[in-house]
Amino acid sequence: MLDFAHIYAMDAVFDTPEDVPEEVRTNKRYAGAGQYTVSEVAERVKADVGNIDVLVHSLANGPEVTKPLLETSRKGYLAALSASSYSFVSMMQRFGPIMNPGGSAISLTYIASEHVIPGYGGGMSSAKAALESDTKMLAYEAGRKHQVRVNTISAGPLGSRAAKAIGFIDDMIRYSYANAPIQKELAAQEVGNVAAFLCSPLASAVTGHTMYVDNGLNIMGLATDSKTLLERDA
């Protein structure tokens with residue numbers, strides 16, 4: 001079991017204290033949170049533990065995720081990109097300098113970045129596409145500047161609390177089971193195993209990569225449970 005020496009509150013939408021609007025600063029939800037912007041948390045980590053080996057970006061938010069893209073507002077779209085993709089750039093800017101050479105940064109993406117997943121809206125598909133593109137550029141820039149690796153994990157459908165926000169995760173889990181090459185439900189432990197690999201010296205030559213952990217669903221170009229196929233086989 002892991003023991004947590006320090007736990008920090010962080011709102012990755014805000015890079016510096018100057019970015020926090022007054023209505024947020026005075027909101028009771030933030031009362032007692034202390035220093036919670038990305039830059040402040042990086043400074044606190046440096047003061048408490050010095051340099052770090054691993055950075056994990058496991059956060060996303062799309063306030064209009066249930067809306068089709070054609071109904072998504074500019075504000076909702078930009079909010080999705082700010083929280084879900086630019087936040088990784090911001091974290092690399094602030095935490096990169098305190099990462100040890102050979103360190104590893106990882107994030108979590110989703111196949112909606114490259115394929116159409118109806119219902120995954122509000123600009124979140126675009127945010128995941130940006131995250132994957134940024135992973136490549138960050139791998140180059142952070143690799144040259146800090147000698148660290150940057151990768152992202154594209155996990156298949158998991159019944160997490162965050163996934164339930166889109167409203168049809170159970171359908172996606174059933175779809176994956178029916179159509180993936182390996183017919184079983186994906187376990188969070190399996191995603192964690194790959195994350196541990198990418199953060200370990202075993203992956204010392206792996207960077208800028210989108211690693212699929214989805215029982216192989218990403219390779220499929222045809223839904224084997226399609227009604228069209230059933231009618232053909234009848």
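**Figure 1. Val 41 in helix α2 of a predicted model.** Our tour of this predicted model opens at Val 41, a residue of helix α2, which covers residues 38–49. Is Val 41 buried or exposed? With a relative accessible area of 4%, Val 41 is buried, because that value falls under the 20% limit for buried residues. Setting aside residues up to four places away in sequence, you can find Val 41 touching Tyr 8, Ala 9, Met 10, Gln 35, Tyr 36 and Phe 95. For a sense of distance, look across to Asp 11: Val 41 and Asp 11 are 30 residues apart along the chain, and their C-alpha atoms are separated by 9.4 Å.

**Figure 2. The largest nonpolar core and the elements that build it.** This view takes in the largest nonpolar core, a set of 21 residues. Which residues have the most contacts inside this core? They are Leu 55, Phe 88, Met 92, Phe 95 and Val 150. At least two core residues come from each of α2, β1 (52–57), α3 (74–95), β2 (99–109) and α4 (124–146). Helix α3 gives the most, with five residues. In soluble globular proteins, nonpolar side chains tend to be buried together.

Figure 3. Leaving out neighbours within four places in sequence, Met 92 is in contact with Leu 55, Pro 97, Ala 105, Leu 138, Ala 142, Val 148 and Val 150. A second, separate core holds twelve residues, among them Ile 111, Phe 168, Ile 169 and Ile 173.

**Figure 4. Ser 176 in helix α5.** Next comes Ser 176, found in helix α5 (residues 169–179). A relative accessible area of 6% makes Ser 176 buried. What does Ser 176 touch, if residues up to four places away in sequence are not counted? Its partners are Pro 157, Asp 214 and Leu 217. Ser 73 lies 103 residues from Ser 176 along the chain, and 31 Å separates the C-alpha atoms of the two.

**Figure 5. Two loop residues with positive phi.** Gln 147 has a positive phi of about 60 degrees although it is not a glycine. This residue sits in the loop between α4 and β3 (149–155), and Gln 147 is partly exposed, with a relative accessible area of 43%. Asn 215, also not a glycine, has a positive phi near 60 degrees.

**Figure 6. Stepping back to the protein chain.** From the N terminus on, its elements run α-α-β-α-β-α-β-α-α-β-α. The radius of gyration is 19 Å, close to the 17 Å that the globule rule gives for 234 residues, so the chain is as compact as a globular protein of that length. Along the principal axes, the C-alpha atoms fill a box of roughly 70 × 45 × 35 Å. Buried residues make up 41% of the 234 residues. Among contacts with a separation of 6 or more, 71% link residues 24 or more positions apart. The accessible surface is about 13500 Å², and 56% of it belongs to carbon and sulfur atoms. As for charges, the mean positions of the 20 positive and 25 negative ones are 1 Å apart.

Methods. Residues are numbered from 1 along each chain as its sequence is written. This is a predicted model: local features need pLDDT of at least 70, side-chain atom pairs count only at pLDDT 80 or more; totals for chains, interfaces and linings use all residues. Side-chain values use heavy atoms; hydrogens and water are left out. Helices (H or I, at least four residues) and strands (E, at least two) are DSSP runs, numbered from the N terminus. Buried means under 20% relative accessible area, exposed over 50%, partly exposed in between (1.4 Å probe, protein chains only). Contact means heavy atoms within 4.5 Å. A nonpolar core is a set of buried Ala, Val, Leu, Ile, Met, Phe, Trp, Tyr and Cys residues joined through side-chain atoms within 4.5 Å. The radius of gyration is taken over C-alpha atoms; the globule rule is 2.2 Å times the number of residues to the power 0.38. Accessible areas come from the Shrake-Rupley method with a 1.4 Å probe; for residues, only the protein chains shown count as cover. Lys and Arg count as positive and Asp and Glu as negative; His and the chain ends are not counted. The place of a charge is taken as NZ of Lys, CZ of Arg, CG of Asp or CD of Glu.
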